[in-house]
Amino acid sequence: MDIRLYQPSDLEEVMQLFYDNVHSVCAKDYTEEQLEAWAPKEANVYRWETSLNKNHTLVVVDNEHIIGFGNIGQTGYLDRLYVDSDYLNQGVGTLLLENLERYATARGNTHMNTNASITSKPFFEARGYQCIEKQIVERRGVRLKRYLMEKKIK
């Protein structure tokens, strides 16, 4: 298992991992309508490409297969953190998060925040993130529950 910087050639595999993760791992906490609104089959490739290239994005690779990815912006906002469902609870998410936290600290950020799903909230709580606010957001006309979470990193 290796961690490295995202490369543009990773785009398709990263987008597929995101779709698969949301539709399998999060299915116990969200309806099918909510899952499709959050992670539609036909995603906006340009938006993904722009976001992954603009932010500090890492991927975890095992046997030449991307098994996890995450990215963070300059302000310390953790935009994404997703792990292949076959690799859950094997330290992939923690490895990504620790590396992204080190990056944020090196940039001078004192806090990190993220919008966590119902599914990922316990993961972040176990790693020192605190829930600041419960939120209801709308995606493609469908309402979803999430949590604004924050952690002091310095």
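Predicted model: local features only at pLDDT ≥ 70, side-chain atom pairs only at ≥ 80, totals over all residues.

Student: How do the residues of the lining of the second largest pocket divide into nonpolar, polar and charged?

Tutor: The general idea comes first: rolling a probe the size of a water molecule over the atoms shows where empty space is left. In this case, the lining of the second largest pocket has six nonpolar residues, one polar and three charged. The volume of that pocket is about 180 Å³.

Student: Which residues line the second largest pocket, and which element gives the most to that lining?

Tutor: The lining is made of Glu12, Met15, Gln16, Phe18, Tyr19, Pro40, Lys41, Glu42, Ala43 and Val45. Helix α1 gives the most, with five residues.

Student: What is the volume of the largest pocket, and which residues are closest to its centre?

Tutor: The largest pocket holds about 1100 Å³ of space. Its lining counts 43 residues, and Phe18, Trp38, Asp79, Leu81 and Tyr82 are the closest to the centre. By class, 21 of the lining residues are nonpolar, 13 are polar and nine are charged. Strand β4 provides the largest share, seven residues. Among the other elements that each supply at least two residues are α1, α3, α4 and β7.

Student: Which residues of α1 are buried, and what covers them?

Tutor: The buried ones are Leu11, Val14, Met15, Leu17, Phe18, Tyr19, Asn21, Val22, His23 and Val25. Their cover includes the helices α2 and α3 and the strands β2, β3 and β4. Phe18, one of these buried residues, is also among the residues closest to the centre of the largest pocket.

Student: How many salt bridges does the structure hold, and how do I read one?

Tutor: Side chains of opposite charge can pair when their charged atoms come close. This structure holds five salt bridges. One of them joins Lys151 and Glu101, at 3.3 Å from N to O. Lys151 belongs to strand β7 and Glu101 to helix α4, so this pair ties together parts that are 50 residues apart in sequence.

Student: Are Lys151 and Glu101 buried or exposed?

Tutor: With under 20% as the cut-off for buried, Lys151 counts as buried at 18% relative accessibility, and Glu101 counts as buried at 12%. Another salt bridge links Arg80 and Asp79, also with 3.3 Å from N to O. There, Arg80 is buried at 13%, whereas Asp79 is partly exposed at 29%. A further bridge pairs Asp29 with Lys28, whose closest N and O atoms are 3.2 Å apart. Asp29 is partly exposed, with a relative accessible area of 27%, and Lys28 is exposed, at 64%.

Student: Could we finish with a single residue? Where is Phe124 found, and which residues does Phe124 touch?

Tutor: Phe124 is found in helix α5 and is buried, with a relative accessible area of 4%. Leaving out residues up to four places away in sequence, Phe124 touches Leu78, Leu81, Leu97, Thr114, Ala116, Tyr129 and Met149. Leu81, one of these contacts, is also among the residues closest to the centre of the largest pocket.

Notes:
Residues numbered from 1 in each chain as written. Heavy atoms only, no water. Buried < 20%, exposed > 50% of the residue type's maximum accessible area, 1.4 Å probe, protein only. Helix = DSSP H or I, 4+ residues; strand = E, 2+ residues; numbered from the N terminus. Contact = heavy atoms within 4.5 Å. 1 Å grid on protein atoms, 1.4 Å probe; cavity = no way out; pocket = protein on both sides within 12 Å on 5 of 7 lines; lining within 4 Å. Points joined across faces, edges and corners; volume = space filled by probe spheres on them. Nonpolar A, V, L, I, M, F, W, Y, C, P; charged D, E, K, R; others polar. Salt bridge = Lys/Arg side-chain N within 4 Å of Asp/Glu carboxyl O.
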